Amino acid sequence: MTDSKTPKAKTAITIPQEVLDQLKEREAAGQISSVSGHITSLLQREQEAAEVDAVLARLFPGEHPTAEHLEWAAKALGVSASTGQSSAA
């Protein structure tokens, strides 16, 4: 997880113009702090999910959580099981 003290580097990425336009609209509306911040957040979530998957694979080799397990986990974490979005305000 990165924070404000983590060194930053600048790079360029290529994304469809319509995606960039949507992100800039969300930024202007205050829904996201910045385009780069939003992309960083999405990449961090992806990394965290991969780490959780790796832990689960070590704990339960050859097994996959059932729908019941996923529902319990979503409730315990306060997120929607279908979207992964937090229900916290």
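Select K75. At 63% relative accessibility, K75 counts as exposed (over 50% relative accessible area; buried is under 20%, partly exposed in between, with a 1.4 Å probe and protein chains only). This is a predicted model, where local features need pLDDT of at least 70, side-chain atom pairs count only at pLDDT 80 or more, and totals for chains, interfaces and linings use all residues. Residues are numbered from 1 along each chain as its sequence is written, and side-chain values use heavy atoms, leaving out hydrogens and water.

E71 is partly exposed, at 44%. E71 and K75 form a salt bridge, with the closest N and O atoms 3.4 Å apart (the rule: a side-chain nitrogen of Lys or Arg within 4 Å of a carboxyl oxygen of Asp or Glu). By this rule the count is 1 salt bridge. The two residues sit 4 apart in helix α3 (residues 67-77), so about one helical turn separates E71 from K75.

Now show α3 whole. Of its 11 residues, 1 is buried. Helices here are DSSP runs (H or I, at least four residues), numbered from the N terminus. Just after α3, pick G78: its phi is positive, about 75°.

Move to α1 (residues 17-28) and α2 (residues 35-59). Their axes come within 9 Å and cross at roughly 105° (lines fitted to C-alpha atoms over the stretch in contact; angles run from 0 to 180 degrees between N-to-C directions). That makes α1 roughly perpendicular to α2 (65 to 115 degrees).

Select L20, L23, K24, R26 and E27 of α1 with V35, H38 and I39 of α2; these make the contact (heavy atoms within 4.5 Å).

Key: Parallel < 35°, antiparallel > 145°, perpendicular 65-115°, else oblique.
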